[in-house]
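Please look over the sequence and the structure shown below before reading on.

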Amino acid sequence: METNEVSEKDALLAEIKRLRQENERLKQEIAKLRGVKRPSGDVMDTMSTKLKEALRE
């Protein structure tokens, strides 16, 4: 019974290590993507209200 507990603990520790590595990789990818310019579809979000109204007319 004790060997099952040890092997289960080892498996859980290995899973934690894998998840931490995946988390670090995803953090690096997020940091890289934050530097990418947003697509032009988001232009309306940054325009002033007066400019939006002028474009609608």
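## Confidence of the model

The term pLDDT denotes the predictor's confidence in each residue, on a scale from 0 to 100. The structure described here is a predicted model. Across the protein the mean pLDDT is 83, and 79% of the residues reach 70 or more.

Helix α1, covering residues 2-34, has the highest mean pLDDT among them, at 93. Helix α2, covering residues 43-46, has the lowest, at 60. Where pLDDT is low, the predicted coordinates should not be read in detail.

## Overall architecture

The protein contains three helices and zero strands. Followed along the sequence, these elements give the pattern α-α-α.

## Surface and burial

The protein has 57 residues, of which 2% count as buried. A residue is placed in that class when its relative accessible area is under 20%.

Side chains of opposite charge can pair when their charged atoms come close. The count of salt bridges in this model comes to three.

One of them links the side chains of Arg-18 and Glu-15, with an N to O distance of 2.9 Å. These two residues are three apart in helix α1, so about one helical turn separates them. Arg-18 is partly exposed because its relative accessibility is 43%, a value that lies between the limits of 20% for buried and 50% for exposed. Glu-15 also counts as partly exposed, at 34%.

Which residue does Arg-25 meet through a salt bridge of 2.8 Å, N to O? The partner is Glu-22, whose side chain meets that of Arg-25 at this distance. Both residues lie in helix α1, three residues apart, or about one turn of the helix. Glu-22 has a relative accessible area of 32% and is therefore partly exposed. Arg-25, at 40% relative accessibility, likewise counts as partly exposed.

Arg-25 also forms a salt bridge with Glu-29, in which the closest N and O atoms are 3.2 Å apart. Arg-25 and Glu-29 are four residues apart in helix α1, so their separation is about one helical turn. Glu-29 is partly exposed, with a relative accessible area of 33%. Through salt bridges that share partners, Glu-22, Arg-25 and Glu-29 are joined into one network.

Technical notes:
Residues are numbered from 1 along each chain as its sequence is written. This is a predicted model: local features need pLDDT of at least 70, side-chain atom pairs count only at pLDDT 80 or more; totals for chains, interfaces and linings use all residues. Side-chain values use heavy atoms; hydrogens and water are left out. Buried means under 20% relative accessible area, exposed over 50%, partly exposed in between (1.4 Å probe, protein chains only). A salt bridge is a side-chain nitrogen of Lys or Arg within 4 Å of a carboxyl oxygen of Asp or Glu.
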